[in-house]
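Me: I'm just starting out with protein structures. Could you go through one with me, step by step?

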Amino acid sequence: MKNLESLRREYMSRVLRVENLHINPVTQFEIWLNEALNAGLPDANAMALSTATAAGKPSVRIVLLKHVSSKGFSFFTNYESKKAIQIKENPYGALLFYWNTFERQVRIEGPIEKTSEKESDEYFSARPEGSRIGAWASPQSRQIPNREYLDALQENYIRLFKKSEVKRPLFWGGYLLKPNLFEFWQGRENRLHDRFEYTLRSGGWEIHRLAP
Ligand SMILES: Cc1cc2nc3c(=O)[nH]c(=O)nc-3n(C[C@H](O)[C@H](O)[C@H](O)COP(=O)(O)O)c2cc1C
């Protein structure tokens with residue numbers, strides 16, 4: 001393996017100025033996400049989702065952002081997975097986007113709640129049939145004996161749904177993270193990056209520059 005200590009690059013491509021930030025962090029996020037999408041970055045809507053147990057033991061994994069609005073950030077998953085168990089006992093999370101081509105990261109924190117059944121149904125029915133069967137077939141985060149076990153479950157559900165529509169399983173649906181903190185990070189030269197934090201106060205969003 002290469003010597004990791006010698007791996008470094010300078011972040012030089014852009015600057016972030018307070019006067020160029022939108023006063024609404026959701027709009028600012030949408031501007032950055034749109035730039036990443038328009039540049040064709042693969043998985044530009046992929047985000048690290050961090051959750052923790054009631055005792056504060058953290059876990060992190062990638063999920064896909066499926067909707068963003070002033071209400072929050074939504075993603076879809078199995079309601080019996082490890083993340084779901086953690087969200088149930090500690091309904092708070094953190095999201096992280098990293099768009100390396102743009103030398104940008106965005107962190108977002110806030111409470112998490114389930115989306116409505118209607119929103120989960122709508123998104124589920126828009127998924128390709130193979131993914132809908134996959135949701136039924138995977139006891140997400142549980143130990144399984146081997147690949148054949150998963151393939152057999154998939155085959156079973158394909159047979160079961162041969163003549164009927166693949167409806168959303170009740171153990172699968174959406175979550176909404178309602179942000180109360182954002183940080184926009186733009187890489188700069190000599191590790192002196194630009195960082196701006198938005199915090200939600202009673203009067204609205206406050207913006208502060210943070211030291212890199
Ligand atoms: C690019 C990418 C996108 C993913 N999108 C999702 C997703 O939208 N929902 C999901 O449940 N898992 C998704 N996963 C899988 C999760 O990272 C994770 O393995 C799974 O949700 C189980 O996590 P848990 O055991 O912590 O609950 C994705 C993984 C990658 C690498």
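Here are some questions and answers about the ligand's surroundings and a pair of helices.

Me: Which element gives the most residues to the shell around the ligand?
Reply: Good place to start, and keep in mind that this is a predicted model. The elements that give two or more residues to the shell are β2 (58–64), β4 (72–78) and α2 (82–89). With 4 residues, the one that gives the most is β2.

Me: How do the residues of the shell around the ligand divide into nonpolar, polar and charged?
Reply: The residues around the ligand include Ile-62, Phe-76, Thr-77, Lys-82 and Asp-43. Sorted by type, the shell has 4 nonpolar, 4 polar and 4 charged residues.

Me: Is α4 parallel or oblique to α5?
Reply: Helix α4 (residues 129–137) packs against helix α5 (residues 147–160) with the axes 9 Å apart, at an angle of about 120 degrees. Because of that angle, α4 is, relative to α5, oblique.

Me: Is the crossing of α4 and α5 left-handed or right-handed?
Reply: These are the two helices whose axes lie 9 Å apart. Where α4 passes α5, the crossing is right-handed.

Notes:
Residues are numbered from 1 along each chain as its sequence is written. This is a predicted model: local features need pLDDT of at least 70, side-chain atom pairs count only at pLDDT 80 or more; totals for chains, interfaces and linings use all residues. Side-chain values use heavy atoms; hydrogens and water are left out. A residue is near a molecule or strand if one of its heavy atoms lies within 4 Å of it. Ala, Val, Leu, Ile, Met, Phe, Trp, Tyr, Cys and Pro count as nonpolar, Asp, Glu, Lys and Arg as charged, and the others, Gly among them, as polar. Axes are lines fitted to C-alpha atoms, for helices over the stretch in contact, and angles run from 0 to 180 degrees between N-to-C directions. Angles under 35 degrees count as roughly parallel, over 145 as roughly antiparallel, 65 to 115 as roughly perpendicular and the rest as oblique. A crossing is left-handed if the near helix is turned anticlockwise from the far one by less than a right angle, and right-handed if clockwise.
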